[in-house]
Amino acid sequence: MRATAALLMVCATTLTGFVVVRANEKPSDAYQQAMKDLGAANAKLRADVTQIEKDGAYPDYNPIDADVAKLRASFAVALQFWQEKKVEDAASKIQAVMKYVDELETARKEKNYDSLMTSAAEIGKSCGGCHAAHRDKLPDGSYEIK
């Protein structure tokens with residue numbers, strides 16, 4: 001009886017250790033690059049939207065195409081990362097924000113500034129919630145996945 005209890009305790013401790021190790025880990029290089037690319041693409045998107053507003057009567061919507069492409073590619077990497085980890089809330093948040101990327105592309109094609117602004121704003125504010133829920137900042141300034 002004691003041997004069985006001891007064996008169960010060892011198994012439970014080992015399993016718990018694996019869960020902790022899996023729960024807090026450095027993200028992959030591809031994921032880290034996608035996050036950096038998302039930050040850069042979002043900053044460029046804001047600048048491009050601001051430029052459209054400044055251009056007034058003759059706005060150039062074409063730079064938004066590159067922003068859409070970078071956002072779409074980077075969110076795809078992030079989505080795959082969270083789906084592989086089976087973290088549904090993160091995957092769902094990314095799928096929701098990808099709809100705004102689609103709307104951004106449509107707004108660009110239609111040259112609909114109001115829709116462009118709405119989509120860009122929704123994309124921009126989507127990052128913080130996922131970051132707060134799924135990462136910890138380490139003392140060295142890097143991040144670890146929760």
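**Entry 1: α2 against α3.** I began with the crossing of α2 and α3, and it is left-handed (left-handed if the near helix is turned anticlockwise from the far one by less than a right angle, right-handed if clockwise). By class, I find 17 nonpolar, two polar and five charged residues in the contact of α2 with α3. For the classes, Ala, Val, Leu, Ile, Met, Phe, Trp, Tyr, Cys and Pro count as nonpolar, Asp, Glu, Lys and Arg as charged, and the others, Gly among them, as polar. Helix α2 covers residues 29-55 and helix α3 residues 63-85; their axes come within 8 Å and cross at roughly 150 degrees. α2 and α3 are therefore roughly antiparallel to each other (angles over 145 degrees; under 35 is roughly parallel, 65 to 115 roughly perpendicular and the rest oblique).

**Entry 2: ground rules.** I noted that this is a predicted model, in which local features need pLDDT of at least 70 and side-chain atom pairs count only at pLDDT 80 or more, while totals for chains, interfaces and linings use all residues. Residues are numbered from 1 along each chain as its sequence is written, and side-chain values use heavy atoms, with hydrogens and water left out. Helices (H or I, at least four residues) and strands (E, at least two) are DSSP runs, numbered from the N terminus. Axes are lines fitted to C-alpha atoms, for helices over the stretch in contact, and angles run from 0 to 180 degrees between N-to-C directions.

**Entry 3: an aromatic pair.** I looked next at rings, and the whole structure holds three aromatic pairs (Phe, Tyr and Trp rings, the six-membered one for Trp, with centres within 6.5 Å; planes under 30 degrees apart are stacked, over 60 edge-to-face, the rest tilted). One of them is stacked: Tyr31 and Phe81 sit 4.0 Å centre to centre, with 25 degrees between the planes. Tyr31 belongs to α2 and Phe81 to α3, so this pair links parts of the chain 50 residues apart.

**Entry 4: further helix pairs.** I followed the chain onward. The axes of α3 and α4 are 10 Å apart, at an angle of about 165 degrees. That makes α3 roughly antiparallel to α4, and the crossing is left-handed. α4 then packs on helix α5 (residues 113-125) at about 155 degrees, with axes 8 Å apart. That makes α4 roughly antiparallel to α5, again with a left-handed crossing.

**Entry 5: the largest pocket.** By class, the lining has 13 nonpolar, four polar and one charged residues.
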